[in-house]
Structure formats: structure tokens, C-alpha cells
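Subject: Structure handover

Hello,

Here is the structure I promised to pass on. Please open it alongside this email; my notes follow below.

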Amino acid sequence: MESFLYRYVSTVCSRLSGSAGHVHQLIDMSLSHKIRQALTSSLPAVLLASTTVLAGTPASCPNTPLSCKNTTAIADTCCFNAPGGLLLLTQFWDTNPPTGPNNSWTVHGLWPDNCDGTYEQYCDKSREYDNVTAIISAAGKTDLLSYMNKYWKDYQGDDEDFWEHEWDKHGTCISTLEPGCYDNYSPQQEVVAYFQKAVDLFKTLDSYAFLAAKSITPSFTTTYSSASIMEALAAPRGVEVTIRCRNGELDEIWYFYNVRGSVETGEFVPTEPDGAKSNCPANVKYLPKTGTPPSTTVASSTGTPPTGTSTPGSPFSGRGTLPVTSGGKTNGCIISGGTWYTTGTCATYTATASDNGFTLTSSKGKCAVTNSVLTCSASVTHSTIFTAVAGKLAYNGATDFYTSSVPTGSVQAAVSVTQQATTLSIGWKSS
């Protein structure tokens, strides 16, 4: 028993080494909880646990306050989500290329945001996994995996990579899913809990049906007011949501919750949005996932693109630079690593036709959007196929790219396809 306690204490201390913000809280809570269990267990049972995969029990959390609503500090972060007490269930509507069923939105992720509009990310490098499918399969959750394969889709076709990204970036920041919060913890069981909870929430949020109930259905010709869309989505829950658009097209919904207890077993209570707000214009398109819009993609008999569109690579061809436009003016360019730089010399890129678009290569190597960030490197093995819309670089049909702020001086800014504070577009200048 003494050696077991020593091993456990060593393990917990090791887990906590990268999470200084929770050290004092989790030592007080987790060690006393686990040691109390160990002292009342028999040695044979402990030995058995070392050779048998057992599902641990989440912490019992009676009479806990609602996250983000407490008036005093809560020490037990196994029963109180902190600092990420605002949980978002986010959904995608992908049309180019389409993902998931034609009459359903798909899962984006389950995100723990702080109660002040900020958030943490990649909180535990030791628990970043590259085998989510195997972890869920080993837990016997074939029904969960089957559902994810249908409704939690990556538009580039790499669902596993998408799932890994969501867990690594967001799941590792949920305090109530940390290993020390379980009795008889089995490695990676919190990963399964994260995806199961996200799917369970998603099943209660049929966005397609919510919108259809107010006669808002996908259309190539009809536009809808953002106000009517938000009203339709708020009606079933009694609180507002956040909607997001790319190029004036509805493509994302964020549902917000506070939680009483742990994420795995607690009560999710709908709440108002905080942090980033809806970015959609007054009137938006809600495009179908199937079919052909007659005025935008059907070529004429001469093969000339219809008015208002361009061929997939035009003007990106041969060698050139990638000037950046932000705030209505040109400001610097994308340099060889894929970052935005506002001073110095622009990098030269090679645009090569590929399928219905083109690839980009710099002196650093092939270019791809990896984990939502534009990267050009020798480590990139599969180039992203980009297209052009109105002379701008387009990714997944959208010309908006993002950074946290406009870089100045020698600072370089990572360019993301995920919404951030600063929006930019990327053009082409032949050389």
C-alpha cells in the first residue's frame, strides 16, 4: 500500500507540473480524495487494476455552484470548471466541400471559455494524443465512433486529425476532466468523456430543425436576416446564440452553457454569449450542401466562367508575391514561412495548378493550412489546394483570414482560418 501511494503521489505531481494555475487546488483536493480511497481498498484490488482496463469514477459533486456564477473562489476544480467555466458547443455548416448529412449541421467542438470572454488552449502537452479513434475504440464506444464518423466531420477529409485538434486545444483545458478527478483512473478515459459529452449536447441542438421551424431553409436564391436566424435559434433554449459567417454565408453556430458540477456528469444550463460576438452582416446566405447554383458555377458554352466568378487559379499562376490587405489598405505580405510581415521584402511563391485550384510553394517548402494556421515548411507533406475568389486567395471558398493583431516592426503574425480579432485578405502580384 505504501508503494502504491508513493507511485500515485509521484504521478499526480508529474501531471501537475505543467499546470501551475491549478497546483494548490488539485493537491488539496485530488490527493486527499485518492489517498482516502486507497486506504479503504484491498491490495489485491490495486494489483488487479494494473493489469485490467477499468473505467474510473468521476468525482462526486453534490451542491456545487453554477460555473461563472460563483461569488467566492472554488478550490475543488474537479467539481467546478475553472477557469474555463463557460462551455460552448459549436457547430459547422460546410458547403464547399459539403460535410455530413444534407439536413444536419455537424459538430465543431466543445470549448471551455473563461467567464470574461478569454480562453486558454493546449493546456497539457502530456495529454495531446494522435490516436483518438483508437482510444474510443478501446473503450468499447463503437456507437460513439460511428456517430462521430457521420456528424463530426473534417471538410478536408481527415476526421482523426480534426478530433485530435479539438481535444488537444480545448479538451485538455477542461479542469473537471483532469486525470486526478477520477477514482481508479484509466488512462485516456477523459478523452472518451469529452467526445461523448460533445455528442450528447449536439444531439439536443438540432440547428437545422430549429431554423426550418421558422421557415429558414438552405437556398441558393433566398437570403435571410441575421436577426431572424438568431431569433429562430434562441427560441428553443430561451437564450441567444452566436452565429458566424464567411463571405456573407452562414457557416457556424455557438451555443453557450454554464455547468453545475463536472463536464462529464454535471448539469448544463443554457446561458447568454460572452466574448466574440456574431460577425454576420444584416442579411446572409444559407446555402444548400448539394445542388448547383445556376448563376455562379455553371459555365457557358464557351467555357468562360459566369460573371462575378473567376477560374479556380486566376490570377494565382507562376511566380509571385502574396500582398496582404487589412482595414481597407495593403499592408505588408505573407513571407516564406506563411506568416504576415509588414516590413521588409516579400517572399516569392510559386502557384501550381492542381485539380480545381492551385497549390503554393515558397523557399521554405509546400504550403498548407495545418491546425487552422497557414504554414509553409519542408515538414508539410500534403499541400492545401487553394482557389481564388475575386482575385483573392480562398480557403474552403472563403477569402477571410485572421490574426490576433496587426504585426508591427519585426513581429510576424500567424495567419489563421479561425476567427480572430483582425481580418485580412491575401492577393497575388506576379513577378
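Which residues are buried in helix 5 (residues 142-151)? They are Leu-144, Leu-145, Met-148 and Tyr-151. Buried means under 20% relative accessible area, exposed means over 50%, and partly exposed lies in between (1.4 Å probe, protein chains only). Helices (H or I, at least four residues) and strands (E, at least two) are DSSP runs, numbered from the N terminus.

First, the ground rules. This is a predicted model, in which local features need pLDDT of at least 70 and side-chain atom pairs count only at pLDDT 80 or more, while totals for chains, interfaces and linings use all residues. Residues are numbered from 1 along each chain as its sequence is written, and side-chain values use heavy atoms, with hydrogens and water left out.

Overall picture
The chain has nine helices and 22 strands. Of its 431 residues, 46% count as buried. Take contacts (heavy atoms within 4.5 Å) between residues at least 6 apart in sequence: 66% of them join residues at least 24 apart.

Helix 5
Back to those four buried residues of helix 5. They span an arc of only 145 degrees around the axis, so they sit on the same side of helix 5. The arc is taken from the directions from the helix axis to the C-beta atoms. Thr-142 and Asp-143 are exposed, on the face turned away from the buried side. Cover for the buried residues includes strand 3 (106-113), helix 4 (132-138), helix 6 (159-169) and helix 7 (189-203).

Helix 6
Helix 6 is largely enclosed by the rest of the structure, because 10 of its 11 residues are buried. Among them are Phe-162, Trp-163, His-165 and Trp-167, along with the charged Glu-160, Glu-164 and Lys-169. The buried residues pack against strand 2 (86-92), strand 3, helix 4, helix 5 and helix 7. Asp-161 is also in helix 6. At 35% relative accessibility, Asp-161 is partly exposed. Its C-alpha atom lies 9.7 Å from that of Thr-370, 209 residues away along the chain.

How do helix 6 and helix 7 pack, at what angle and how far apart are their axes? The angle is about 105 degrees and the axes are 11 Å apart. That makes the two helices roughly perpendicular, a term for angles of 65 to 115 degrees. Axes are lines fitted to C-alpha atoms, over the stretch in contact for helices, and angles run from 0 to 180 degrees between N-to-C directions. Trp-163, Glu-166 and Trp-167 of helix 6 meet Glu-190, Val-191, Tyr-194 and Phe-195 of helix 7. By class, that contact has five nonpolar, no polar and two charged residues. Nonpolar covers Ala, Val, Leu, Ile, Met, Phe, Trp, Tyr, Cys and Pro; charged covers Asp, Glu, Lys and Arg; the others, Gly among them, are polar.

His-170 lies in the loop between helix 6 and strand 4 (182-183). His-170 is buried, at 6% relative accessible area. Beyond neighbours within four places in sequence, His-170 contacts Leu-110, Trp-111, Pro-112, His-165 and Tyr-194.

Backbone points
A cis peptide bond joins Ala-82 and Pro-83, with omega about 0 degrees. The bond from Asn-96 to Pro-97 is cis too, with omega near 0 degrees. Cys-68 has a positive phi, near 70 degrees. Tyr-122 has a positive phi near 50 degrees.

Best wishes

Technical notes
Angles under 35 degrees count as roughly parallel, over 145 as roughly antiparallel, 65 to 115 as roughly perpendicular and the rest as oblique.
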